[in-house]
Amino acid sequence: MLLSDIEMLQRDGYALIAAVRARRLADGGEVPAAALTTYSRPEDRAKSMQAGYDAHLSKPVDLNELMATVVRLRARRRR
């Protein structure tokens, strides 16, 4: 499970997920990933999903929503 902010110092979360998704399956290329970000507009959500994230959570994140997202993404991964 990858939980990543979009706004980071060295590279942004979009570059991070692109690098992860470029990996082979055996190297973690399909790890479930959620963006945690202050960018909460519908177009921000769409951008993170198009970039390769499986979920988009806006800060401040609700703990129940975070836990439900982790459970959902883990369940999807097992299929």
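1. In this predicted model, the side chains of aspartate 44 and arginine 41 meet in a salt bridge, with an N to O distance of 3.0 Å.

2. Aspartate 44 belongs to helix H2, and once its neighbours within four places in sequence are left aside, the residues in contact with aspartate 44 are Tyr14, Tyr39 and His56. One of these, Tyr14, is itself listed among the buried residues of helix H1.

3. The structure holds six salt bridges, and one of them joins the side chains of aspartate 5 and lysine 59 at 2.6 Å, N to O. This pair links distant parts of the chain, for aspartate 5 lies in strand S1 (residues 2–5) and lysine 59 in the loop between strand S3 (55–58) and helix H3 (63–78), 54 residues apart. Aspartate 5 is partly exposed, with a relative accessible area of 24%, and lysine 59 is likewise partly exposed, with a value of 37%.

4. A further salt bridge is formed by the side chains of arginine 76 and aspartate 54, where the N to O distance is 3.9 Å. Here too the pair links distant parts of the chain, with arginine 76 in helix H3 and aspartate 54 in the loop between helix H2 (42–51) and S3, 22 residues apart. Arginine 76 counts as partly exposed at 40% relative accessibility, and aspartate 54 is partly exposed with a relative accessible area of 22%. Salt bridges that share partners join Arg21, Asp54 and Arg76 into one network.

5. Helix H1 (residues 13–21) has Gly13, Tyr14, Leu16, Ile17 and Val20 as buried residues. Seen down the axis of H1, these buried residues fall within an arc of 160°, so they line one face of the helix. What covers the buried residues of H1 includes S1, strand S2 (33–37) and H2. At the start of H1, a side-chain oxygen of aspartate 12 reaches to within 3.0 Å of the backbone nitrogen of tyrosine 14.

6. In a regular strand the side chains alternate between the two faces of the sheet. Strand S1 has a covered face made of Leu2 and Ser4, and an uncovered one made of Leu3 and Asp5. Asp5, on the uncovered face, is the residue whose side chain meets that of lysine 59 in a salt bridge.

7. S1 and S2 pair in the parallel sense over four bridges, and the bridge partner of serine 4 in S2 is alanine 35. Together, S1, H1 and S2 make a right-handed β-α-β unit, and both S1 and S2 are included in what covers the buried residues of H1.

Definitions and conventions: Residues are numbered from 1 along each chain as its sequence is written. This is a predicted model: local features need pLDDT of at least 70, side-chain atom pairs count only at pLDDT 80 or more; totals for chains, interfaces and linings use all residues. Side-chain values use heavy atoms; hydrogens and water are left out. A salt bridge is a side-chain nitrogen of Lys or Arg within 4 Å of a carboxyl oxygen of Asp or Glu. Helices (H or I, at least four residues) and strands (E, at least two) are DSSP runs, numbered from the N terminus. Buried means under 20% relative accessible area, exposed over 50%, partly exposed in between (1.4 Å probe, protein chains only). The arc is that of the directions from the helix axis to the C-beta atoms. Contact means heavy atoms within 4.5 Å. A polar contact is a pair of N or O atoms within 3.5 Å; within protein, one must be able to donate a hydrogen and the other to accept it, and residues adjacent in sequence count only if both atoms are side-chain atoms. Two strands pair if DSSP finds at least two bridges between them. A crossover is right-handed if, with the strands pointing away from the viewer, the path from the first strand over the helix to the second runs clockwise.
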